[in-house]
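Hello,

Here is the structure you asked for. My notes follow below it.

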Amino acid sequence: MCGIVGYIGKEEAAPILLDGLEKLEYRGYDSAGIAVYNGTDIKITKTKGRLKFLAEATNEGLSMPGTLGIGHTRWATHGAPSDINSHPHANESGTIAVVHNGIIENYLFLKDYLMKKGYNFVSDTDTEVVAHLLDHYVKKYGEILEAVVHLMNRVEGSYALGIIVKENPDEIIAVRKDSPLIVGLSPEGNFIASDIPAILKYTRDIYLLEDREIVRLSRDGVTVYDVFKEPIIKEITHIDWDITAAEKGGYEHFMFKEILEQPKALKDTISPRIHNGEVVIEEMKMTDEEIKNLKKIYIVACGSAYHAGAVGKYVIEDMARIPVEIDIASEFRYRNPIFEKDSLAIIISQSGETADTLAALREAKKNGVKTLAIVNVVGSSIARDADNVLYTWAGPEIAVATTKAYSTQVSALYLIGLLFAKKRGTIEDSLYKETVKELVSLPDKVASLLKDFDKIQNFAAKKQNAKDIFFLGRGVDYATALEGSLKLKEISYIHSEAYAAGELKHGTISLIEEGTLVVSLATQENLFNKMLSNIKEVRTRGAVIMAIALEGNTEIEKEADFVLYVPKVLGNLAPSLSVIPLQLFSYYIAVGKGCDVDKPRNLAKSVTVE
Ligand code: G6P
């Protein structure tokens, strides 16, 4: 949420900042701004709206000369999107400029304190207090590093900050707490950024900053300090993935490109963990004894990662016979959960930076519960904090609506379910072998679903004016329905809800009218007849049925108006296949409606505020 970038070096800063912000726009895109030191003064340009307005306002950065600068792309929390509320924010004399990601929770208290001291505020943001407080402390203590340390002692909440000061024309200062920030190192200059893709074009050598670390970047070096201003030796992380992985590569939308990347993402996530037909998760540090003794699993996540967890609950309980409690991270962290002995918290996150999910992980750890994180972004905060990490190898995901990361999260949960089931002796050997075999075949089966789009596209074209669309399913199909419904509403803005099929008649069925579309997932053979009854119930009331079923099932055609088939697969693994047509359906509806598919309104990909 909000993207930060900073550069100090031999090159012109503004074009580099704009380029970096473009890669970070997925984090927030309601306004953007840059501050550049031009040898005499700090110049700031900021604009409401997409980054292209900032690029226009600065003539692609050319109207802002200087080799030192910071930039920001915003997802508004305090104060509506506007030029004035955009970052960077400055002190009154314009000698200090600040970009911020996070929330300063005690900003009202600090604002009051500063106003009493005569400071005038121009914006509605929490960030502006940082600029004025730094001004106050620089005047008091005479230098910026000391001012930052004092600032850290005063502000409550989360922050990644990039700071430039006119009196220090050869450095950028940065600091983080509970918001992501990395440092990039190169002979041509040094960088700060919220995320790696922003600077990958310029360098592959980075420092992953820890909470409360302060960095001083100069043209030819970077020093990292602790809160006592003692220098810290940091290890360089070398990034070996390619920037093309984070670019559109000729596709109109990242989302479509990422949908098509799912076979590879699944293969990269599954294959390295299958050895001679056995699930082997080398990174798992849990002993066989610990796995056998597991009494309970908590799965905690947000958004689509939570929906992946919903699949995980059904699958792990079914195969490994361990009770699984699934929780939305923002609820889990505050609901005072009962932590049991011999339990495990599985924390799922694409970004590894979601504020609530990170807090939930820390809550579990604090209460003595072992943690296992399923994370996509290598070196992210959740990956670093968890006791065990199982990386999903989906590669960089840029579209705000997740597709390939979700799919790999589900596959990671299959791996965990199978491993636990085998170790605990809760699965018959023949079923274990068959499930592993089918798991390995998932990438090919997904690829077979990504060959012919016409049928879905045509059906989606007919439904793009729908007011409400409901999604129904039973068992793991219900979990997939949750994800299908979220995908649709987030990118097409069509109201949608997902229901466990048997539950609809307890109220929501009253919303079904003549012509209401009900997407019905019917991949579970043991539940098929029950599902068919539910389909009949809504159909009788006028619903139009789009069904997802396994190839060979002709029964469904009698009750559905439109059927999409997925290859035959074991019931537990069906979510990996049935989600694909749902992703495509949402995608084509959103494209048909002219929505900004990769950057839906009001959303951000990385939600680093709670
Ligand atoms: C945002 C994204 C979702 C994602 C959720 C959790 O809402 O738009 O696609 O599922 O955050 O993010 P995480 O990075 O923790 O998986």
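How are α7 and α13 oriented relative to each other? They are roughly parallel, an angle class that covers values under 35 degrees. Before the details, two notes on reading the model. This is a predicted model, where local features need pLDDT of at least 70, side-chain atom pairs count only at pLDDT 80 or more, and totals for chains, interfaces and linings use all residues. Residues are numbered from 1 along each chain as its sequence is written, and side-chain values use heavy atoms, with hydrogens and water left out.

**Helix packing**

Two packed helices are described by the angle between their axes and the distance between the axes. Axes here are lines fitted to C-alpha atoms, for helices over the stretch in contact, and angles run from 0 to 180 degrees between N-to-C directions. Helices (H or I, at least four residues) and strands (E, at least two) are DSSP runs, numbered from the N terminus.

Helix α7 (residues 262–270) and α13 cross at roughly 30 degrees, and their axes come within 9 Å.

Helix α4 (residues 128–141) packs on helix α5 (residues 144–154) at about 125 degrees, with the axes 8 Å apart. The crossing of α4 and α5 is right-handed.

**The ligand**

The shell around the ligand has 13 residues (a heavy atom within 4 Å). Ser304, Ser349, Gln350, Ser351 and Thr354 come nearest. Helix α9 (residues 303–320) gives the largest share of the shell, 3 residues. The shell divides into 5 nonpolar, 7 polar and 1 charged.

Polar contacts are pairs of N or O atoms within 3.5 Å. A side-chain N or O atom of threonine 354 is 2.4 Å from a ligand oxygen. For serine 349, again in the side chain, the distance is 2.6 Å. Valine 400 uses a backbone N or O atom, 3.2 Å from an oxygen atom of the ligand. Taken alone, the ligand exposes 380 Å², and the protein buries 89% of that (Shrake-Rupley, 1.4 Å probe).

Most residues other than glycine have a negative phi, and most peptide bonds are trans. Asparagine 59 is not a glycine, yet has a positive phi of about 50 degrees. Asparagine 59 is in the loop between α2 (51–57) and β4. A cis peptide bond joins histidine 87 and proline 88, with omega about 0 degrees. Proline 88 is in the loop between β4 (68–74) and β5 (89–90).

Best wishes

Notes
Polar contact = N/O pair within 3.5 Å; in protein donor to acceptor, adjacent residues only side chain to side chain. Nonpolar A, V, L, I, M, F, W, Y, C, P; charged D, E, K, R; others polar. Parallel < 35°, antiparallel > 145°, perpendicular 65-115°, else oblique. Left-handed = near helix turned anticlockwise from the far one by under 90°.
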